[in-house]
Amino acid sequence: MQLLSFPEAATPPDLRAQVRALHDAAWPPSDPPAGHDTDTDTDTGHDPALHPRSMLLVDDGTVLAALDVLSKPLVHAGRRYRAGGLSAVVTRPVVRGRGHGRRLVAAAHEAMSRSGLDLGVFTCDRPLRSFYESAGWQLLPGTVLVGGTPTAPFPSDRPGFDKVTMAAFFSAPARESRAAFRHTRLELYPGEIDRLW
């Protein structure tokens with residue numbers, strides 16, 4: 001079993017095709033991941049301005065689990081941070097329940113901590129909170145991630161969503177400011193393609 005990582009656009013075509021098939025099975029085109037706009041989808045999936053990096057758990061050429069790490073600057077409470085987040089986390093249905101997804105999410109946490117990011121922050125469906133906590137992430141209680149753009153915001157507390165915000169504080173400045181990230185609205189604004197990661 002191999003843990004592979006590539007800039008999304010440089011992911012080998014055979015692996016990328018498998019990831020696309022997993023995405024289509026998990027989120028049919030009529031029901032994309034929350035905050036991802038397939039009408040403006042790029043050839044690779046994510047907005048290149050977010051520096052998408054694909055992480056894959058592969059066994060003998062078969063993608064068992066996949067996720068993407070997106071990143072951008074975040075200004076919060078008057079301070080600037082290098083922020084990253086998980087997007088499109090998926091495990092092949094026939095191998096779910098074997099720890100592959102948790103292994104990949106934990107590996108992403110570790111890779112992000114070494115990458116120069118100040119913090120990782122993303123939303124997930126409320127029932128998945130314990131899954132992410134088991135892989136090293138922590139709940140930001142009462143925190144809403146605001147995606148989209150300043151003129152067309154896409155908040156994680158919009159009607160019909162049942163999201164929680166998960167985080168990890170990698171740098172000393174981020175750890176020192178941890179309290180400022182609780183019970184707040186984080187204006188991430190990743191754009192129109194990946195409206196919410």
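The model is a predicted one, in which local features need pLDDT of at least 70 and side-chain atom pairs count only at pLDDT 80 or more, whereas totals for chains, interfaces and linings use all residues. Residues are numbered from 1 along each chain as its sequence is written, and side-chain values use heavy atoms, with hydrogens and water left out.

Strand S4 (residues 79–91) runs parallel to S5 and is joined to S5 by 2 bridges, with leucine 119 in S5 as the bridge partner of alanine 83. Between S4 and S5 the chain passes through helix H2 (residues 100–114), in a β-α-β crossover that is right-handed, meaning that, with the strands pointing away from the viewer, the path from the first strand over the helix to the second runs clockwise. Strand S9 (residues 163–169) runs antiparallel to S5, and 7 bridges join these strands; the bridge partner of valine 121 is alanine 167 in S9.

An open sheet of 3 strands has the order S8-S7-S10, with mixed pairing, where two strands pair if DSSP finds at least two bridges between them. Strands S8 (153–155) and S10 (185–187) stand at the edges with a single partner strand each, so one side of each has no neighbour in the sheet. Strand S7 (residues 144–148) runs parallel to S10, joined by 3 bridges, and leucine 145 stands opposite leucine 186 in S10.

Technical notes:
Helix = DSSP H or I, 4+ residues; strand = E, 2+ residues; numbered from the N terminus.
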